[in-house]
Amino acid sequence: MNKYRDILRGLRLLSSIAAVLLMQGLISAPAYAQARIASLNLCMDQILLQWVAPERIVSVTWLSGEEHYRRAPLPEHVYLNRAQAEELLPLKPDLILTGQYGAQRASQRLDQLGLHVVRIPDAYNLAQLQQQLASLQQTLGALPELHQQRSKLQSLLDQAPEAAAGNPGALILSANNITYGDGMLEHELLTRAGFNNLAAQQGIQQLGRVSLEQVIALQPQLLVFYGSDQDFAIAHLAERHPVLRNYIDTGSVYRLPQELGFCPALAAVEVLQQLMEKRKEIVGQP
Amino acid sequence: MLANRKVILTLLACALPLAMLAALSSGPVSIDIPAAIVDGWYSDSSDAVILWQLRLPRAVLAILVGAALGLGGAAMQGMLRNPLAEPALLGVSSGAALAAILVLYYGAVSIGLVLPLLAILGALLAVASVWLLAGRGASASRLVLAGVAINAFLSALMALALNYAPSMFAMQEIVFWLLGSLANRGWDQVLLALPFVLIGALFLFFSRNYLRALSLGEASASSLGFGGRRYPLLVLFGIAFAVGSSVAVAGTIGFIGLVVPHLMRPLVGQDPGRLLWASALAGALLLLLADVLVLNTVGTQELRIGAVTAFIGAPFFFWLIVKGRREASL
Amino acid sequence: MNEPLPIHCENLCLSRNQRQVLDTISCNFRAGALTAVIGPNGAGKSSLLSCLAGALPAATGRLQLGDRAAASVSAAERARLLAYLPQQESPAWSMVAEDLVALGLLPWGRSIDSQHKRERVSRALEDVDAVSLSRRPVTQLSGGELRRIQLARLLVGEAPVLIADEPGAALDIRHQLQLMQTFRQQADSGKTVILALHDLPLAARYCDHIVMLQGGRLRAQGSPEHVLTPEQVGDVYGVHSEFRWRDGRPEFVTGDLV
């Protein structure tokens with residue numbers, strides 16, 4: 001009898017522990033909350049470096065070590081991998097994050113070798129971005145910044161989009177005269193912020209080219225540059241053309257941060273907020 | 001014969017403003033040109049801005065760069081006494097481009113005078129190397145050998161620059177730079193190149209009689225009063241200024257310097273002095289027409305002008321070889 | 001401009017590629033005289049002529065043009081005083097003959113108007129019996145024809161000093177004689193004419209003065225009779241020869257090898 005009681009007590013204890021663990025898991029911390037994490041994807045790198053405690057990060061890709069992409073300080077102990085399975089094995093990470101594309105072979109190999117590889121979908125539009133954030137939260141647990149970002153995005157998107165007809169026109173002029181048309185995240189951000197994306201109006205799907213002549217002819221009220229103009233001379237030559245000086249002088253320009261291109265999760269919310277403010281400025285003008 | 005030549009040269013001179021008109025009316029946006037002209041320089045109407053601030057500087061730059069390349073090619077052929085000499089073929093453009101790339105990616109992005117000056121220095125070093133390596137009056141084979149050697153070395157340096165490019169985008173940039181382009185250029189670029197091209201042209205103007213005398217050979221030229229190092233240096237600096245500054249604003253645009261002097265030489269009675277101006281004129285016309293062609297067929301962004309001139313130039317080179325074999329003069 | 005301009009050189013020395021090509025040469029080239037510079041291959045004839053013409057710079061010694069030191073004469077002025085035709089001159093471009101001849105007027109620049117230039121060119125072409133070649137591209141000419149055009153280029157400037165290196169080498173006998181007569185006339189009109197010659201009979205027949213070089217040194221100078229002695233010719237060239245007068249004209253004949 002005593003034996004059974006002990007067993008029952010043990011079971012109860014176990015179940016309560018399990019319940020506590022389960023509760024914890026459901027509420028905040030999943031199984032990998034305290035785990036050592038590695039990343040095979042530049043965007044995942046940046047998310048980890050910005051939102052996860054440094055001691056939990058084992059390895060990020062070498063690209064994150066490049067001046068060009070670095071957005072957060074890089075802790076010294078973090079190993080810079082080149083997406084080779086051999087590099088990550090000895091580090092014995094508990095969790096390996098990878099993107100939808102790239103490093104396929106390494107992630108498959110690591111998966112076969114019994115490591116825990118999680119593929120986080122890429123985000124090319126707002127819906128995908130929400131999915132991405134959700135799947136990140138599922139995998140990493142409720143990190144405060146991640147949670148904040150998610151709810152901010154949700155609340156921004158919940159706001160009714162501004163009137164479409166009288167919306168000011170905006171046009172993205174990115175490196176090498178590339179512009180973003182229908183179906184791109186950048187287009188959605190512009191539209192959500194209450195702008196008419198003139199490139200999409202011109203029938204441009206996804207990416208297209210826009211010459212300076214077209215920029216002048218379309219007369220956008222907001223000219224949107226993309227990324228830093230410091231690094232590349234020719235790609236951003238159009239931006240420095242004197243013909244655009246008027247836009248720059250009157251402040252009718254906005255510069256999308258470069259990380260929006262490779263990791264929208266980090267920047268989309270901020271960009272959307274700023275674009276909305278920019279719109280208020282423009283519409284507020286007589 | 002003499003009258004014919006003059007007629008052709010006059011036609012070329014008349015064709016330039018026509019090509020200019022064609023260039024001004026070519027572009028992705030259709031504009032009302034007469035209205036834009038009436039609106040004038042300071043107008044804010046988009047047609048006027050497109051005409052005065054976008055198309056006109058682009059056309060002027062095409063003329064400037066084409067003239068500089070034609071001039072550089074004619075001077076180089078005259079100085080090396082060889083019809084195969086060409087700035088892009090013999091590494092002069094590569095020298096300028098390499099210097100430009102180094103400035104753009106590894107130095108400060110200080111636009112302004114640094115870029116053209118360094119491009120000119122790069123061009124100068126390259127043309128001087130070819131000159132020293134081949135020697136004046138070198139045979140065609142030795143000249144091409146020297147040019148290939150210099151070009152190979154510069155390509156190696158360029159590969160190194162590509163290899164250690166700060167990012168993948170920088171690599172793409174370098175490649176685009178090497179293809180040459182007139183897109184997105186404005187008056188600022190024209191003004192950047194113009195003084196140096198003019199200085200180069202002035203240098204070459206003062207060396208025109210040297211080039212004439214040199215068609216008799218070095219010894220005869222020096223007995224005609226063109227001895228010493230002064231004149232070769234004048235030509236070298238002239239080429240470097242003209243070609244270097246064009247590369248600084250438009251990247252490397254090849255073959256203009258080869259094709260144009262060849263076509264013009266019979267029209268000026270093989271006179272290396274008059275060839276300079278005829279080549280400048282025809283170079284300007286050729287590049288402007290190539291640009292009009294690009295604008296009206298494939299659009300400005302997809303195809304770089306350097307690729308077009310290469311397509312004009314490479315078959316021309318084939319033709320030269322075939323012709324040379326037939327005449328057994330090469 | 002057309003004043004007689006004798007040339008005088010004293011202790012002229014010149015090294016090329018660590019080899020002494022001219023060794024303390026002192027000689028005179030009189031105005032109004034036809035002077036031949038002779039000597040076997042490698043004796044330094046071409047070097048001496050280039051040196052006089054200013055095509056080879058940096059020689060030590062003294063070179064006088066008239067009563068002025070050559071070093072004090074600017075390159076442009078020197079080019080107007082001395083016309084020079086090197087041993088080999090191949091045109092780089094296929095210009096027509098008269099354009100090549102006109103290059104000889106480059107040192108005068110714009111100081112001669114184009115009408116006058118054309119007259120000078122056609123006169124020079126007449127002098128070398130090449131009027132019929134005037135519109136032919138020079139690359140289509142035979143060696144002798146080209147040489148005559150080049151001679152016209154030498155003459156066209158009417159410089160007081162004419163220096164020509166082997167001017168008759170590619171010419172047939174008729175044109176050789178014609179050429180020597182042209183130079184003779186030029187000398188008689190008061191010019192200083194200096195020719196490097198291999199053809200000793202021609203030198204003996206037409207020249208007033210002969211400078212004989214051997215191994216970069218001056219072997220002898222003076223009248224043909226004085227220089228072209230059987231002893232000296234035998235010594236320098238290793239050939240038997242005879243210098244004689246026939247009908248009052250000098251005649252030089254070569255014989256067997258020594």
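In the contact between the two chains (heavy atoms within 4.5 Å), 23 residues come from chain C and 22 residues from chain B. The model is predicted, so that local features need pLDDT of at least 70 and side-chain atom pairs count only at pLDDT 80 or more, whereas totals for chains, interfaces and linings use all residues. Residues are numbered from 1 along each chain as its sequence is written, chains are lettered from A in the order in which they are written, and side-chain values use heavy atoms, without hydrogens and water.

About 1,800 Å² is buried between chain C and chain B, 61% of it from carbon and sulfur atoms; buried area is the accessible area (1.4 Å probe) that two parts lose on being put together, summed over both. In chain C, the most area is lost to chain B by C:Trp93, C:Leu103 and C:Leu106, which together give 37% of what that side buries. By class, the side of chain C that touches chain B has 15 nonpolar residues, four polar and four charged; here Ala, Val, Leu, Ile, Met, Phe, Trp, Tyr, Cys and Pro count as nonpolar, Asp, Glu, Lys and Arg as charged, and the others, Gly among them, as polar.
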